[in-house]
Amino acid sequence: MKLSICTISFRHHLTSIDQLAQWASTHHFDGIELWGIHATNLANTPQFNAAWIERLGLGVSMLSDYLPMEGPEAVMLAKAQSLCALAEHWNTQKIRTFAGHRSSTDTSPAERRQIVSRLRQLCELLAEHDQQLLIETHPNTLADSLASTMRLLAEVNHPGLRINFDVLHVWESGEDPLEALALMRPFVSHYHLKNIGSREQLGVFAPPNVYAAAGSREGMVPLFRGAVDYYDFLCHLLLDEASEASLEWFGGDAEAVLKQDCTEIRQLERALQRELTPSRMVMSG
């Protein structure tokens, strides 16, 4: 499995893209998931591009942004065109967004039809650039449950609409991630991996908190130390060379936690490759 860090993990750090790329290359990552605003700002330094990052043995796995599903259509299309150009600059085919900003149960039929129409428009635009639109499984969107996500895929009915499977948020919705993946896997192009100490602490990932520099980070834990069982989930993914995932860490000590998580994932991967039965003991960093 190809594994990336997310530049959003360093949103409150004074860390440059060249420092991040050098660090990711040194610590056995395959790529970087580039936050949309970071990609936009880096456009002013064009020497940072696909050729540069590929010389480090890395790639940009995905651009993660937030395309508007409401407001003037022209604004949405202009932003999408800009993201397409940035994706071409970084040689990535994946652009992530969200399916609205209200839960599926609170979205009216008319609002849902508008989001479906806009997603189809975006898919058609991205297809002209040989790119895919990934919607993330996330609370307070039309991809907040397995049923609504599968319905949305059918409604948009475009091969360019794909899923960014956020394992924790699928678990948060009440689904077993492996059972949900059994249905969604033909549509999944990327995975987000993060964990929480307990279900009661999930509020820490609410956008107003998680994006705030002074927000709480209580409950954010390394991948194999939380409430979601990543051992079983990753055993189904690690030997699939086509699988691509990002460690989406929002807490403190980013470099230490990302290094630990990557090390433990690679340990499990090597054990599976040796056709051993990996121990369920706590992974050692």
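Predicted model: local features only at pLDDT ≥ 70, side-chain atom pairs only at ≥ 80, totals over all residues.
1. Take helix α5 (residues 109-127) and helix α6 (residues 146-156). They pack at an angle of about 60 degrees. Their axes lie 9 Å apart. α5 and α6 are therefore oblique to each other. The crossing of α5 and α6 is right-handed.

2. Which residues make the contact? From α5 come Arg112, Val116, Leu119, Arg120 and Cys123. From α6 come Ser148, Arg151, Leu152, Glu155 and Val156. By class, the residues of the contact of α5 with α6 split into five nonpolar, four charged and one polar.

3. The strands form a closed barrel. Eight strands take part, in the order β1-β2-β3-β4-β5-β6-β7-β10. The pairing is parallel. From one strand to the next, the twist averages 30 degrees.

4. Strand β3 (residues 59-64) and strand β4 (residues 94-97) run parallel. Two bridges join β3 to β4. Ser64 has Arg96 of β4 as its bridge partner.

5. Helix α4 (residues 73-90) packs on the sheet. What does α4 touch? The helix touches β2 (31-35), β3 and β4. The direction of α4 makes about 170 degrees with that of β3.

Key
Residues numbered from 1 in each chain as written. Heavy atoms only, no water. Axes fitted to C-alpha atoms, helices over the stretch in contact; angles between N-to-C directions. Helix = DSSP H or I, 4+ residues; strand = E, 2+ residues; numbered from the N terminus. Parallel < 35°, antiparallel > 145°, perpendicular 65-115°, else oblique. Left-handed = near helix turned anticlockwise from the far one by under 90°. Contact = heavy atoms within 4.5 Å. Nonpolar A, V, L, I, M, F, W, Y, C, P; charged D, E, K, R; others polar. Pairing = 2+ DSSP bridges.
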